Amino acid sequence: MEKLAFLEVEHLTKVYEDGTKALEDVSFKVERGEFVVIIGLSGSGKSTLLRCINRLVEPTSGKIYLDGVEVTALAPDELRRLRRQIGMIFQQFNLVKRASVLTNVLSGRLGYVPSIWSLVNYWPREEVQRAFLNLERVGIADKAYTRADQLSGGQQQRVGIARALMQEPKLILADEPVSALDPATSHSVLKYIEDLNREGITVLCSLHFLSLARRYGRRIIALKAGRIVFDGHPEEIDDRRFREIYGEEAVEVEIR
Amino acid sequence: MRNQTVTPKAIPHIHPGRRSLIRSWQFLMLLLAILLIYGYGWRVTQINMGELFTKAHLIRPLLSSLVRPDLLTRDQEVQVARAPFLTGEGELPTLPPSTEGTSLNLSRTRGRIGDRLVVRGQGFRPNTEGVLWWENQIGQRLPMRRFKTDEQGRFTLEIAVPQTPGVEHVVIAEVSWPVGPLKPSETLKIVTERMIETVFLALMGTTIAVVVAVPLSFLGARNLMARNPVGFTIYLITRTVFNIARSIEPLIMATVFAVWVGIGPFAGVLALGVHSIAALGKLYSEQIESIDPGPIEAVMATGATPLQVVRYAVIPQIVPQFIAFTIYRWDINVRMSTVIGFVGGGGIGFILMQYINLLQWRQAATAVWAITLVVALMDYASAVIREKVI
């Protein structure tokens with residue numbers, strides 16, 4: 001039997017209850033340490049694909065392997081242990097707005113700590129130290145005790161990154177992490193993600209703008225109506241390919 | 001030039017129906033119907049603005065009492081002197097002794113109704129106010145005059161023998177003056193006691209409501225329940241019960257509960273509780289429906305257990321609002337509990353009604369001030385707390 005890649009997705013299909021076909025026979029492999037950008041129009045299945053990998057969305061059929069483990073076959077308990085290794089970053093940051101930045105970051109560690117202590121929001125000293133370290137990495141340690149909703153969009157997304165880092169993840173799934181941010185902030189957030197990738201964390205990141213995908217991705221997977229229509233180097237996307245992915249009417253917009 | 005572009009002639013073309021409607025008989029009928037409705041309404045509710053002025057003297061005692069509510073009092077020292085009077089045959093009765101040193105003399109001890117009579121008193125405290133009473137054979141007292149003693153402690157009054165039943169009468173002079181320090185009046189003590197009862201009535205009613213409404217509100221949240229037919233049915237039933245219970249005024253509920261468990265604060269607690277369960281249940285349910293699924297997804301993605309998800313993603317989103325709604329409701333219940341006594345639900349409303357029925361205006365004024373003060377305080381406190389929580 002040939003050796004499995006770090007992440008393998010095989011014939012993945014997702015049909016929602018209302019009949020919407022979000023993904024259709026999607027297959028690809030990702031090696032450890034890659035930075036893969038997923039592009040496609042809204043509704044092309046990017047979010048569903050990322051959420052199938054940590055089973056926030058249950059796939060209808062197909063298999064997913066992560067580091068040799070068949071994700072799609074895990075029981076709830078095993079799934080929770082697997083999720084600890086997969087950090088996730090969201091378009092709308094998904095912070096608990098009324099909680100402090102520190103609590104939000106610490107919540108990334110919930111999979112590791114005993115349930116009873118965490119239920120009363122008691123955290124061991126080393127976990128708090130870890131939270132401050134990760135906040136320092138994204139440059140907002142001074143905001144630890146601020147309420148999450150008092151922060152700017154860019155800062156909130158950095159809290160989101162710090163929360164994902166608490167998991168000490170092998171893989172980061174980033175679901176349009178910069179769509180809610182302005183161009184300048186987008187670059188700073190993507191640079192943080194790029195840094196993590198350089199340190200060896202594999203990144204799967206969906207992006208809206210092709211220009212950002214070209215700048216940060218070393219490999220691009222394009223989805224259209226739930227199917228993979230392109231998988232290769234950014235330079236290979238020429239005008240013809242671009243129209244294939246985004247439709248005949250589309251014009252490429254530059255984000256610098 | 002521009003003005004001419006919109007000519008008056010153009011209007012009938014734009015609104016072809018309007019003019020004909022105003023002229024039509026339907027419009028006339030509608031006008032007539034409205035006139036009839038309001039005419040009848042005016043009559044049936046007995047609106048008479050003039051009464052506000054012609055009957056102003058009836059409200060004056062209450063309004064003027066508001067300026068001097070019955071709050072503080074001092075002990076009274078009293079001197080009493082008595083003298084007998086007969087309006088018929090018989091022996092002069094022996095009376096209880098007068099206060100030491102005082103005496104009361106009448107210019108005559110027998111006479112008829114309407115006879116003039118000079119009353120002289122001496123040995124009283126100088127320069128002090130007093131009241132002269134006429135007590136008839138069955139012990140009823142009529143106030144005759146107010147007087148003030150002179151520098152020697154004497155007074156002289158001329159009165160007419162009043163028309164009152166019996167033969168044996170007693171003329172009583174009572175001189176009184178305050179001594180000792182100011183202290184809370186009996187009224188203030190009663191009002192304070194009842195006000196505390198009122199606040200606790202609101203507290204107990206609200207607490208019962210919270211305890212019941214929190215679990216029920218999850219059953220009334222569409223996003224949690226409407227996933228399958230059974231859940232949807234439970235959701236519908238819960239919401240319907242909330243809506244019906246909410247539409248019944250606490251005052252009406254208190255009337256019913258007063259019949260059930262008897263007049264008193266418990267009836268009030270039940271009435272406020274049941275109404276608040278429905279009111280809070282609806283607000284809580286709506287809050288649960290409006291939570292953001294994003295944080296739930298994010299906490300689930302970290303590998304948290306379902307309990308941890310509830311603790312870190314659900315509770316932080318609903319608890320502050322729940323607290324705010326609860327304080328708001330308690331605020332309403334304090335106001336409600338001040339009037340729930342009118343229908344037998346206990347609390348301060350009960351004695352306020354009593355004072356008004358007995359025309360004890362100064363005591364009523366004390367109760368009115370107590371209500372105003374407590375409601376304003378609770379209002380302010382709840383606003384401060386709500387601001388802190390949200």
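## A walk through chains A and B

Among contacts in chain A between residues at least 6 apart in sequence, 69% join residues at least 24 apart. Keep in mind that this is a predicted model, and that everything below is read from it. Chain A contains 9 helices and 10 strands. Of its 256 residues, 43% count as buried.

Let's begin with the sheet in chain A. Four strands make up an open sheet in the order β2-β1-β4-β5, with antiparallel pairing. Here β2 and β5 of chain A are the edge strands, each with a single partner, so one side of each has no neighbour in the sheet. At the β5 end, 2 bridges join β4(A) to β5(A), and the two run antiparallel. If you want to find that pairing on screen, look for Y65(A), whose bridge partner in β5(A) is E70(A).

Two aspartates in this part of chain A deserve a quick look. D67(A) sits in the loop between β4 (61-66) and β5 (69-70) of chain A. Its phi is near 50°, a positive value in a residue other than glycine. D67(A) is partly exposed, with 16 other C-beta atoms within 10 Å. The other aspartate is D25(A), which lies in strand β2, residues 21-30, of chain A. Phi of D25(A) is also positive, near 50°, again in a residue other than glycine. D25(A) counts as partly exposed too, because the number of other C-beta atoms within 10 Å is 13, and a residue needs 12 or fewer to be exposed or 20 or more to be buried.

Now for the inside. In soluble globular proteins, nonpolar side chains tend to be buried together. The largest nonpolar core here has 79 residues, and those with the most contacts inside it include V37(A), V105(A), I172(A), L173(A) and V203(A), along with V299(B) from chain B. Helix α6 of chain A, residues 153-166, gives this core its largest share, 6 residues. A separate core of 51 residues lies apart from it, with A267(B), L270(B), M336(B) and W361(B) among its members. Setting aside its neighbours within four places in sequence, V203(A) is in contact with F35(A), V36(A), I172(A), A174(A), I193(A), L196(A) and N197(A).

So where do the chains meet? On the count of contacts, 19 residues of chain B touch 22 residues of chain A. On the chain B side, the elements giving two or more residues are α11 (293-301) and α12. The largest share of that side, 8 residues, comes from α12(B). By type, the chain B side divides into 11 nonpolar, 6 polar and 2 charged residues.

Finally, turn to the strands of chain B. Strand β7, residues 168-184, pairs with β1, residues 72-86, in the antiparallel sense over 14 bridges. One landmark in this pairing is L72(B), whose bridge partner in β7(B) is P184(B). Strand β7(B) also pairs with β4 of chain B, residues 129-135, in the antiparallel sense over 6 bridges. There, V131(B) has E174(B) as its bridge partner in β7(B).

Terms used. Residues numbered from 1 in each chain as written. Chains lettered and ligands numbered in written order. Predicted model: local features only at pLDDT ≥ 70, side-chain atom pairs only at ≥ 80, totals over all residues. Core = buried A, V, L, I, M, F, W, Y, C linked by C-beta atoms within 7 Å. Contact = placed C-beta atoms within 7 Å. Pairing = 2+ DSSP bridges. Nonpolar A, V, L, I, M, F, W, Y, C, P; charged D, E, K, R; others polar.
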